[in-house]
Amino acid sequence: MNPELIVVLDVDTREEALDTVRRCGRCRWFKIGSQLFTRCGPAIVGEVRALGKEVMLDLKYHDIPNTVASAARAGAATGAGLMTLHALGGRKMVAAAREAVEGTGTRLLAVTILTSHSDDALRDDLGLAETAAQAVPRLARTALEAGAHGIVCSPQEIALVRAAAGPDALIVTPGVRPAGAALDDQQRVMTPGEAVRAGANMIVVGRPILRAPDPAEAVDDILKEISA
Ligand code: C5P
């Protein structure tokens, strides 16, 4: 597949979200996370789609399998093309979600270990014996075996995940910054071109586009870079 750009709609209002979509020109994919979804409800997915766009619904489901299956069915009914859940919810949870979205146009992406967790926090707070570098490929493999279509991971993890996941899994990567852009709170970033060369199929970019004087131009520059 051709690499895709996903623009982040981390805003508080329907108007800001739809205005951003309209200003982002040729970008086809937009990410709706818990902030906008909690403000606006599921109707916002349909409103973005009504502008001819695709939605990644990033609600990171993590609950008992029956509950996640019901949520995944509801998520698929919004028409979102991609939907996230936590690999840490386990094999049965991921399998239940996959069964729930079967026959819909929605693909499931598993989040492995949040990059906000340090190895110390994994050990001391969560009681995991593995480091993130050990846990990420294992969780990615388990989630894919259970039916996830792809994995969300940071730029640093793309190579590890690609090696564990094989060539067909979808890899979606935030933490991407065009050369020269402000890092904001992202620590270890890659440029769009680097992320795609490392094996990402889709890259997620927020602030460098949302804060650009001309978001359409920022989108075009990134699209040009990832398709070069
Ligand atoms: O503005 P920025 O490009 O940093 O936005 C990145 C998006 O990806 C945000 O929605 C953020 O929550 C999400 N994300 C991230 N790093 C991760 C996982 C998700 O930045 N490790």
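**Figure 1. A polar side-chain atom of Gln186 lies 2.7 Å from an oxygen atom of the ligand.** The model is a predicted one, in which local features need pLDDT of at least 70, side-chain atom pairs count only at pLDDT 80 or more, and totals for chains, interfaces and linings use all residues. Residues are numbered from 1 along each chain as its sequence is written, and side-chain values use heavy atoms, leaving out hydrogens and water.

**Figure 2. The side chains of Asp10 and Arg177 at the ligand.** An N or O atom in the side chain of Asp10 is 2.8 Å from an oxygen atom of the ligand. For Arg177, the distance from a side-chain N or O atom to a ligand oxygen is 2.8 Å. Of the 460 Å² of accessible area (Shrake-Rupley method, 1.4 Å probe) that the ligand has on its own, the protein covers 78%.

**Figure 3. The shell of residues around the ligand.** Val8, Asp10, Lys31, Thr115, Pro174, Arg177, Gln186, Val205, Gly206 and Arg207 surround the ligand (a heavy atom within 4 Å). This shell comprises three nonpolar, three polar and four charged residues, with Gly counted as polar, Pro as nonpolar, and Asp, Lys and Arg as charged.

**Figure 4. The protein chain that holds these residues.** The chain has 11 helices and eight strands, taken as DSSP runs (H or I, at least four residues; E, at least two). Its radius of gyration over C-alpha atoms is 17 Å, close to the 17 Å of the globule rule for 228 residues, so the chain is as compact as a globular protein of that length; the rule is 2.2 Å times the number of residues to the power 0.38.

Technical notes:
A polar contact is a pair of N or O atoms within 3.5 Å; within protein, one must be able to donate a hydrogen and the other to accept it, and residues adjacent in sequence count only if both atoms are side-chain atoms.
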